[in-house]
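Okay, thanks everyone, I'll keep this short.

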Amino acid sequence: MQRLVIVSNRVPAVRDRKQPAGGLAVALRAAVQDHPCLWFGWSGQQIGGDGADRALGVDTVGHVTYATIGLTHKEYNGFYQGYSNAVLWPLCHYRAGFMNYNRHDQQVYASVNTLFATRLAPMLKPDDMVWVHDYHLFPLGKALRDLKVKARIGFFLHIPFPPWSLMRALPEAPALMRDLRAYDVIGVQTEDDARNMNEAFAVLGIPARARVFPIGIDPDSFFACACEGQNLPQVQRLRQDLRGLPLIIGVDRMDYSKGLLERLRGYDTFLKRYPEYRGKVTYLQITPVSRGSVPEYQSLRAELDQIVGHINGTYGAFDWTPVRYLTHPLPRELLAAFFQLSSAALVTPLRDGMNLVAKEYVAAQVPENPGTLILSRFAGAAADMEDALLVNPHDSDEIAAALHKALSLSGSERRVRWERLRAEVWRVTAAGWARSFIAAMSEVRTT
Ligand code: GDG
């Protein structure tokens, strides 16, 4: 059995290695169960000094070996906060105006990729399948090839890939595209992303390489989690509090790509335009703070605080809070149970590679009384979830109208929409995603 080597910026924290907490770790669980596996990446720790004597942390759980290194403060700032999160992230989410570009951070980004390659290469065997994840590591494949690594190397981009006319705002874009030639397989989330990336390759005279591998969730385990969670005391308290009135839910990292301000404006418009819902509906927005030291994220938080205060101050009553707004994460089981309790979910990113919350919301519903998904047309998930109420997340009137529709649909209309969405969420799963990417890597001939 060939070994799978996963490389991602973050590696599941030690406490999560038996039961991964979420995101990438959950999606890859199926893959790591089928193969002996080495998982390499950043430990999440910042280390002092210049990193010359940094240690490799090694920990084995079952048949997965986790190997991690720390990053110096300079590397953390330039590679992670700087070039990855303040240049590549906004650009790939079509927000070139939010780019905070400087050459120093770009050099640190390149050097951390070289560092990853230098520490990983000695651990690799020629018949390994190396699977590199996401925008932090665009040049890693090339850095590994420079070190004469012969193993198969694949790359999956979790976030969108913009059109070349936008991507070329990045001074290194042509070099980045050329570096991608080092990968044997390149995967993206949607047809749009593949077309954009392949057009960029074409401009540079590089053969089209990007293929579509949409990511999914583990819907059976998420549904089980949502059902088990119904017995949690917090869920029972929320249910009592609601007194049978509908709950609308939103769950997103605090990120400008998620369309949170626009969504709250949509809810504001909803309460303005449909006053009969005042006091008759509650919106719960769970928004764990993320990347809190990047300036754009700090100003987003201030604006969110302001608009939530505005809505609650304008429409609230002594016994009714229109928006319940949390900025800390909740346990997965509670989240899943809250999804099941909600009549509608607002998933309205301005851009999103896929958006797993949309799929989790569908997976959590019970067939007798499913809730309604309101989904942005600009989430990758929208490509295969046309039975959601699709909205333009910039249009607060459309969000308001969708909320009104979601809360007025008959039981049979909700069930018809949900059953089609359900089929889709069970068709494209995390396990299937991992299996098809690994199958594509296995098909590559090695010399
Ligand atoms: C990137 C791409 C792509 C959120 N709050 C809590 C919590 N979460 C969980 C959700 C979901 C995950 O985090 C978020 O996944 P998304 O897909 O929605 O978004 P990103 O984090 O931006 O992920 C995205 C994804 O990669 C996979 O390829 O779909 O487009 O941007 O699972 O439930 N989990 C817990 N508490 C919270 O408060 N436990």
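**The ligand shell**

So, the shell around the ligand: by class, that's 12 nonpolar, four polar and five charged residues, where Ala, Val, Leu, Ile, Met, Phe, Trp, Tyr, Cys and Pro count as nonpolar, Asp, Glu, Lys and Arg as charged, and the others, Gly among them, as polar. Bear in mind this is a predicted model, where local features need pLDDT of at least 70, side-chain atom pairs count only at pLDDT 80 or more, and totals for chains, interfaces and linings use all residues. Residues are numbered from 1 along each chain as its sequence is written, and side-chain values use heavy atoms, with hydrogens and water left out.

In total, 21 residues surround the ligand, each with a heavy atom within 4 Å of it. H158, L330, D352, L356 and E360 are the closest.

Which helix gives the most to this shell? That's α13, with three residues. Both α12 (332-341) and α13 (356-364) supply at least two; helices here are DSSP runs of H or I, at least four residues, numbered from the N terminus.

Now the polar contacts, meaning pairs of N or O atoms within 3.5 Å. A polar backbone atom of L330 sits 2.6 Å from a ligand nitrogen. On the oxygen side, there's a polar backbone atom of N355 at 2.9 Å from a ligand oxygen, and a polar side-chain atom of E360 at 2.6 Å from a ligand oxygen.

Definitions and conventions:
Polar contact = N/O pair within 3.5 Å; in protein donor to acceptor, adjacent residues only side chain to side chain.
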